[in-house]
Amino acid sequence: MTQLLRPLAIVAALLWGVALTQGDPKVFNFGVYFEPSGVDPHISTDAAATWMANNLYDTLVRYETTTLPDGTVVGTTNFKPWLAESWTVSDDGRTFVFRIRDGVPFHNGDILTADDVAFSLQRVLTLNFAPAQLLRNCTNPDHIAVSGPLEVTVELMTACPFFLNLLVQTPTGSILNKAFVEANGGVEAETINEFLRNNPMGTGPFTWGEREPGVLYQLVAFPDAWSGAPKLDRIDFRFISDLASQYVLMQQGALDAIYNPPIDILEQALVNPALKVLDQQTIGLQTLYMPNKNPPFDDPRVRQAVQYALDQEEIADAATLGLASPARGAFPSLLPGFTDAYWVYDRDVEKAKQLLAEAGFPNGFDTTISYNSGNAQREISAVVAQAQLAEAGIRAEVQAVAWPTFVEGFREGTMPMFVVSGLAAPVPDQFIAQYFTTGSLGPGGNYAYFSNAEVDALAERLAETVDGDERAAIMDRIQAILMDEMPSAFLYNAVLPYVVRAVVQDWIIYPSGDWFFATVYKD
Amino acid sequence: MIPYVLRRLVAVAVLVVGISLVTFALVRMVPGDPVALYYGGMPVSADIEQSLRRQWGLDQPLPVQYLRYLGGVLRGNLGVSLATGRPIMDDLVRRFPATVELTLAGVLLALVVGLPLGVLAALHRNGPVDHLLRIVSLVSLGMPNFWLGLVLIFVFGYHLGWFPPAEGRLAAGIPIPERVTGFYTIDSLLAGDLGAFRSALAQMMAPAITVAMGLVAVVIRMLRAGMLEELGKDYVRTGRSKGLSPRAVYYKHALRNAIIPTITVVSIQIGYLLGGNVLVEAVFAWPGVGLYYINAINALDYNAVIGATLLIAVVFALINLFVDVLNAFIDPRIHYA
């Protein structure tokens, strides 16, 4: 027996000597629960891929920051010169001439040229994956050219008033090293370059470090970055699928930040002095969809009744612990052009009942509210909405649905009601076209299956209009129509909370959802 | 023996084809669109989705998709992961050692703990120790392994500090040892990195205990039954009556005979564990084949799901073959035509 126990004793002694790493202050450990689909920004658009690409690559323009009264620095939706040190725009808004910054090194030492810029913009269009879908409405590869040393000219085929909003986005506007790409598979239309998907070459403040799939993805500081050496030496994206484990690790100092934790963890983090909760106010709305093609939601009175029956503030407080602001329109409040002038839907249960009676449902009706299982915000939103709708006579059953089935359900409009939010870039033209036009029904983004000829025409006009006042007037009219037609019930402005250790400083939150780690450090 | 082994290997090949077909069909029946999931459900133009579908060969008729895939499998190519873009064979080769290392650690722990306790239970048959061990066995057999894992993490790890955080195979900041075997314990020793070795062992303890818990019960009960059978045999009585010490009779003779079926069952259990550690790997963020499996299913990564299923099936079949051959060597009474 003693012989058998001896090996156990040895193992125990070894374990007793294990010293946990207390955390190198120059290494940032980020817990993520999903792996990136790759780091080729022109192909991979999932969040993890974009977070890494944000720091591996640069774009021609970058979002500006501003300082709030309390001293917090936050991102804005305005932009400033980045790899392009300046640009000019023709009077008709169709010719952009970019002056490229001189002496910008890639990670392999090559210096950025106008060729790289033109090549990169042409590449995203030639590949024609998701990052290209708006840019291709503005220009094509034949209209992008090197027009001088460190100068690139882009001719737009249409007015494209949001052109720079596209170039600021990492998936669309990242600048790659032309020679590196051509030496490693080149560019082939509608074909993924598997090498570049896993081997980045940019000018960003971080380079690609060690990578162990399913375990760890490292970004290592690039000290020669033209934008300045980052304050951190390294960022370790540690893949840990269970969020509860991530939180435990954070409390033990093994992780410095976790992303979008569930509500119970958020509750604990908010009262933990060793942690901070950063809430990213996004350009997105948590929405209770009711596909307009399915009765009884094909009647606008029923949809209006649903909105009247809901108390957005109660839902937002319950689902986000007060971090989110209630919706006051069909647009997210941070979307340029948003107005709450047409919001009349403060909670009125009697009004809801009256509208239902007018629509032929004096005794209400039965329905189902679905959400994707595991998403606590949507679950709570659905449950609270269920209770509120019941007061108006709408008897809803709440259903959790597995993610793949949920995605199919909302794309096909087969679920009577469902809660989902989408994040958008600060491009109102894109937002309106995707969520409210007939051409985007279902998989295109119009999950409400809403169709209105006037909105379709206005959306087209908006895409062609450059004048600011005229654009504002068009967006105003669209929002008025949407508030009348009420394609969906709008709940609250979506937030993405991060929990970070209190030692983490200068992490700037951008409404676009981008993460730029160059300024971040640990105190 | 050789003809028998060859026949079994042919059966494995047939198994691969059969499992690939069944898995292919089952995965295709799951609601959802991998292209839509690749884009996270975000709105994408129809032509761009179609482009990705073409890239992945998903625009072809199902029989064509299957035959292309099978052709690749028979050439050792399991395709490319739709979610990560990496060759699936590379991913599985990378991750398999993590699953094997955890499984072997769990089995070793189960044997180290279970064997002595099985002998103890047999030698004190129907006594208090025997009853206690029977209860312990029942409880550990009935305990869901993922629940045990969570208890180990939160109670024993977080609150009592007995185990390090469940952050995978190494603690934060410990560099991954240069890959030789893929077993972090062995690779760290080969690299002379004692820090990494200790961390790898420490990180493995809680998940290994979780894996071992159910197997310990099997070992205790199997060995107890085997020992009781041997202890009732004439040679044991003869040995004792000739004056041999209990130690010599029980351990040198009875245990040696009693342990054979236990080892056989444990070996087969290894096959199950290699494919059944999914929940343990998920709870402990252990980057093995099980966690890869879960992620692939969630992403509707068809190729990865089929690839992981094939790997587990082939490993299980080969382990069974190995056990059968081993038994033939150990026990001369066994003969395969």
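Colleague: How many helices and strands does the secondary structure of chain B come to?
Modeller: Chain B has 14 helices and zero strands, where helices (H or I, at least four residues) and strands (E, at least two) are DSSP runs, numbered from the N terminus. This is a predicted model, in which local features need pLDDT of at least 70, side-chain atom pairs count only at pLDDT 80 or more, and totals for chains, interfaces and linings use all residues. Residues are numbered from 1 along each chain as its sequence is written, while chains are lettered from A and ligands numbered from 1 in the order in which they are written.

Colleague: What box do the C-alpha atoms of chain B fill?
Modeller: Roughly 85 × 55 × 40 Å, taken along the principal axes.

Colleague: And how many of its 337 residues are buried, as a percentage?
Modeller: In chain B, 45% are buried, meaning that 20 or more other C-beta atoms, placed from the backbone, lie within 10 Å of the residue's own.

Colleague: Switching to α6(B) and α9(B): at what angle do the axes cross?
Modeller: At roughly 140°, with the axes of α6 (residues 128-142) and α9 (residues 194-231) of chain B coming within 8 Å. Axes are lines fitted to C-alpha atoms, for helices over the stretch in contact, and angles run from 0 to 180 degrees between N-to-C directions.

Colleague: Which residues in α6(B) meet α9(B)?
Modeller: B:L133, B:S137, B:S140 and B:L141. Contact is defined as C-beta atoms, placed from the backbone, within 7 Å.

Colleague: How many residues does the contact take from chain A and from chain B?
Modeller: The contact takes 56 from chain A and 54 from chain B.

Notes. Contact = placed C-beta atoms within 7 Å. Buried ≥ 20, exposed ≤ 12 C-beta atoms within 10 Å, placed from the backbone.
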